[in-house]
Amino acid sequence: MSENGLELQPIEGLQSLKARTYEALKAAIFEMNLYDEKAQLKLDERALALKFGVSRTPLREALAQLEQEGLVRTAPRRGIFIVRRTKAEILEMITVWAALESMAARLATVVASDAEIAALHGLTDTFSGADVDAHMGEYSDANIRFHAAIIALSRCRLIADITSGLFMHVRAIRQRTIFEQDRARRSIVDHKEIVDALEARNGERAERLVREHTLRLREHVERYVTID
């Protein structure tokens with residue numbers, strides 16, 4: 001499909017076609033730039049079946065499971081669509097993420113090893129505000145991995161479980177907005193300060209920096225982002 005749609009691969013192997021189709025389609029939905037203004041949200045059953053190399057039956061079973069999970073919805077006489085959250089819902093998700101990731105950062109200052117924290121430099125030090133525009137795609141990916149890494153460093157399974165339910169939408173809105181209002185350059189500065197606080201084992205500062213960083217994303221979305 002197009003560059004603004006899903007990236008799909010044929011389904012192969014002995015695992016049930018329904019299960020493999022479900023996993024492949026879910027992964028593709030998670031990876032797409034969901035809140036891009038040109039994102040293709042309508043799913044074409046015939047095109048998907050051809051792309052995956054499966055019949056309509058396992059595809060429809062997979063879509064039914066994704067609909068139960070709230071990832072797609074069926075609109076009578078219109079078709080099947082990938083679900084985007086409303087702007088109000090996104091703002092709530094970012095608020096909750098700010099609370100959870102900031103606590104994860106505080107926990108990381110206690111439980112993460114020096115080597116694990118030092119590994120965050122690989123997601124920050126290779127970028128600078130001066131040349132980030134030339135590497136925006138790479139930085140967008142590093143930005144997402146940076147925030148996921150902080151969650152992981154907390155070693156708190158419940159924080160990881162709750163944020164996993166928010167991740168697809170928060171990830172997608174970060175992808176969309178990182179290119180706007182000089183956010184990438186400011187993000188690089190914030191990330192380096194967060195790493196410094198983690199390395200200093202300053203839990204209070206790390207928690208505050210992460211919370212403020214994410215709430216700036218919320219403020220940006222509230223002021224500048226339109227979601228249909």
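1. Start with helix α2 (residues 45–52), where Glu45, Leu48, Ala49 and Phe52 are buried. Buried here means under 20% relative accessible area, exposed is over 50%, and partly exposed is in between (1.4 Å probe, protein chains only). Helices (H or I, at least four residues) and strands (E, at least two) are DSSP runs, numbered from the N terminus. On the face turned away from the buried side you'll find Arg46 and Leu50, which are exposed.

2. A word on provenance before going on. This is a predicted model, where local features need pLDDT of at least 70 and side-chain atom pairs count only at pLDDT 80 or more, while totals for chains, interfaces and linings use all residues. Residues are numbered from 1 along each chain as its sequence is written, and side-chain values use heavy atoms, with hydrogens and water left out.

3. What covers the buried residues of α2? The cover includes α1 (17–31), β1 (42–43), α3 (56–68) and β3 (79–82). As for the two ends of α2, at its start a side-chain oxygen of Asp44 comes to within 3.0 Å of the backbone nitrogen of Arg46. Just after the helix, Gly53 has a positive phi of about 75°.

4. Next, the α6/α8 pair. Helix α6 (residues 136–153) packs against helix α8 (residues 183–199) at an angle of about 35°, and their axes are 11 Å apart. For the geometry, axes are lines fitted to C-alpha atoms, for helices over the stretch in contact, and angles run from 0 to 180 degrees between N-to-C directions. The crossing of α6 and α8 is left-handed, i.e. the near helix is turned anticlockwise from the far one by less than a right angle.

5. On the α6 side, the contact (heavy atoms within 4.5 Å) is made by Met136, Tyr139, Asn143, Phe146, His147 and Ile150. From α8 come Ala184, Ser187, Ile188, His191, Ile194 and Val195. By type, that gives 8 nonpolar, 4 polar and no charged residues. The nonpolar class is Ala, Val, Leu, Ile, Met, Phe, Trp, Tyr, Cys and Pro, the charged one is Asp, Glu, Lys and Arg, and the others, Gly among them, count as polar.

6. His147, in helix α6, deserves a look of its own. It is buried, with a relative accessible area of 2%. Its side chain makes a polar contact of 3.4 Å with that of Arg174 and another of 3.3 Å with that of His191. A polar contact is a pair of N or O atoms within 3.5 Å; within protein, one must be able to donate a hydrogen and the other to accept it, and residues adjacent in sequence count only if both atoms are side-chain atoms. Leaving out neighbours within four places in sequence, His147 is in contact with Glu101, Arg174, His191 and His213.

7. Thr214 in helix α9 is buried too, at 1% relative accessibility. Not counting residues up to four places away in sequence, Thr214 touches Ile94, Trp97, Ala98, Glu101 and Arg174.

8. Most residues other than glycine have a negative phi. Asp182, in the loop between α7 (157–177) and α8, has a positive phi of about 60°; it is partly exposed at 40% relative accessible area. Arg201, in the loop between α8 and α9 (203–224), also has a positive phi of about 60°, and is partly exposed at 29%.
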